[in-house]
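Hi,

Here is the structure I promised to pass on. Have a look first, and my notes on what turned up follow below.

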Amino acid sequence: MIDFDNQTNLEINLEEIEKIANFITDKDFELIIVDNETIQAINKEYRNIDKPTDVLSFPLDVSCPGMPVGSVIISANKVKEGAKEFNHSIEDEFKLLLIHGLLHLIGYDHEIDNGEMRQKEKEIINNFKLPDSLIVRVEK
């Protein structure tokens, strides 16, 4: 189940989002959509990076059954910017960021692994017939 909190006017098709989420994990998680100002404040507080970002993941280190796996926070502004920059829909950009954030929640980390997270992203992107811009933009 997704505990959904949209703090913006970005319209999201939750049914499509749930399909992707269920493909990635059977765990509950929190999904929060915020503006750039809010995500920048969170990024500064928790990562000491004073700028907005597209997606943040906060995994919970809890092994109790039934507990949520963590929180994914996505910037609505960055979703719109990414969709324009990579020439695809806002919905597709949101899905790409969700995939990236969820994979971090379940333990993947592209900064320290040997390509496993990128391979998993590619598999999910292909499965849901999404644009491959997430892969392309990180390989630049």
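**The sheet and what lies on it**

The strands form an open sheet of 4, in the order β1-β2-β4-β3, with mixed pairing. Two strands count as paired if DSSP finds at least two bridges between them. Helices (H or I, at least four residues) and strands (E, at least two) are DSSP runs, numbered from the N terminus. β1 (2-6) and β3 are at the edges with a single partner strand each, so one side of each has no neighbour in the sheet.

Before going on: this is a predicted model, where local features need pLDDT of at least 70, side-chain atom pairs count only at pLDDT 80 or more, and totals for chains, interfaces and linings use all residues. Residues are numbered from 1 along each chain as its sequence is written, and side-chain values use heavy atoms, with hydrogens and water left out.

Inside the sheet, β2 (residues 29-34) and β4 (residues 70-75) run parallel and are joined by 5 bridges. E30 stands opposite S71 in β4.

Most residues other than glycine have a negative phi. Two asparagines have a positive one: N48, with phi near 60°, and N87, with phi near 55°. N48 sits in the loop between α2 (36-47) and β3 (55-59), and N87 in the loop between α3 (76-85) and α4 (90-105).

Buried or exposed, then, for N48? N48 is exposed, at 69% relative accessible area; exposed means over 50%, buried under 20%, and partly exposed in between (1.4 Å probe, protein chains only). N87 is exposed too, at 70%.

Cheers
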